Amino acid sequence: MKTNYQQSINKKSLTVTAFALFSLFFGAGNLVLPPLLGFKSGDLWWLVALGFCISGALVPILGIIAHAKLQGTLFDFAKKVSPTFSVVYCYLIYAIAIALPSPRTASVTHEMAIQPFWDSPSFLTSLAYFLLVFLFAINRTKVLDALGKILTPGILIILLVMILMAVFTMDFDFAPSGMSQPFSSGILEGYQTFDAIGAVVVGAVIIISINIKEKSATFEEKRRLIGRAGLWAGVGLLLVYGGLILTGALFGGSFDQEITRTALLRGISTKTMGPTANLLLSILVSLACFTTAVGIVTGTSDFIKGRFNNSILAYRITAFIGCLLGILIGQFNVGYIIDVAVPSLMFIYPITIILILLNVVPDKWSSLRVFKSVVWTTVLFTVPDFLGSIGMSETILPYVDWIPLSQHQMGWVLPALVVFVACNLGKKSKKRPPDIRETQSLFN
């Protein structure tokens, strides 16, 4: 029979945690990327949506499930490779997170929520924006309740209105797709959401918040809570991503093909929700972007705090530096920040995906040998994709053309899978030497 405390966790904490996870995931990239992807995909929108949801929703769900299993920090994700590798990986992840997706939230907010109404410089937007982020970050005990109970319902309501208006008012007459590789294009565009990185970063924020709020919960109770909340948040992401991509595809012939991401989203909202669209969209953008920025800054500060013996000063200094970077980098336009992010994502995203998958599979399939072999293989085969993203594709093409899926910029997938299977089969094929007592018994 369940105790009152267990029932409380199931009903109250599950809802709050699921809403918090969704809001921490759903930020600037999640909002502006899917509509343009659907807009360009035409009648193949469903194939693009499948690829996008794999890298933008399924992998993050698995990342949260891995956090539920580990209930540690980002360091625990990679420590089986080696402690040094894990430390370097952590610093790299947090450096990317605080330098790209966090400032991008301010840039999106300015282009969609401020610039259409007021002719003010982007510096003022990013300054006010990250001052608020800093206030939320240093009051971390209020993060979970604020995100779960207040912000997320508003995000979902406005999004659903826009999607439903498009679905029920537009004819399902899609333009022919101009994409040659829709499925892989969807996967690679899903990298730009940073959701896999978000899963390993903000998952730790949720765990710390739960440990503060649910001090009496057992390890297994917290594991169930985090895992179930991750599944519900993932379902929400799948529905929203699919709806936004479908909405973009429905408007395939309504706008200029060279339209920007932010302009397309503003145009769709105007056509679906009428004269109040810009106001509603401004609220949506502000909420979605702000929650993500808070999650990134808080997660980064938690990590540095842990590296400096739980120093509160280290936490506050990191939060300050993160917000300062946000003010400086957030002044650039959205398209520029997205383009700059590509090389770093082509390198770090495959490694993050592999670490998530290895932490999710049963322990008997993820020994130290498996971890080391698969991760280092992924690192090796990710290098060509990284070099190609910085303009060296023609130089390296003769050397990597033989790698399966390299033409889709996913040459790491098959080698990592082969090494994973080979390591596990090799482990099983090694027979245990017969015990000396068993050998003696044959002669008795």
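1. How many helices and how many strands are there in the chain? The chain has 18 helices and zero strands. Keep in mind as you look around that this is a predicted model.

2. Some overall numbers to get you started. The chain has 444 residues, and buried ones make up 54% of them. As for contacts between residues at least 6 apart in sequence, 84% of them join residues at least 24 apart.

3. Now have a look at Phe 174. You'll find Phe 174 in the loop that runs between helix 8 (143-169) and helix 9 (182-191). Is Phe 174 buried or partly exposed? Phe 174 has a relative accessible area of 22%, so it counts as partly exposed; the cut-off for buried is under 20%.

4. What does Phe 174 touch, once neighbours within four places in sequence are set aside? Its contacts are Gly 42, Asp 43, Trp 45, Leu 246, Ala 249 and Leu 250. Take Leu 250 from that list: 76 residues separate it from Phe 174 in sequence, yet the C-alpha atoms of the two are 6.2 Å apart in space.

5. Next stop, helix 14, which covers residues 312-329 and holds Ile 321. Ile 321 has 43% relative accessibility, so it is partly exposed. Ile 321 also belongs to a nonpolar surface patch of about 580 Å², made together with Leu 313, Ile 317, Phe 320, Leu 324 and Leu 328.

Technical notes
Residues numbered from 1 in each chain as written. Predicted model: local features only at pLDDT ≥ 70, side-chain atom pairs only at ≥ 80, totals over all residues. Heavy atoms only, no water. Helix = DSSP H or I, 4+ residues; strand = E, 2+ residues; numbered from the N terminus. Buried < 20%, exposed > 50% of the residue type's maximum accessible area, 1.4 Å probe, protein only. Contact = heavy atoms within 4.5 Å. Patch = residues over 30% accessible without salt bridge, like charges linked within 9 Å, V, L, I, M, F, W, Y side chains within 5 Å. Areas by Shrake-Rupley, 256 points an atom, 1.4 Å probe, with all protein chains shown as cover. Salt bridge = Lys/Arg side-chain N within 4 Å of Asp/Glu carboxyl O.
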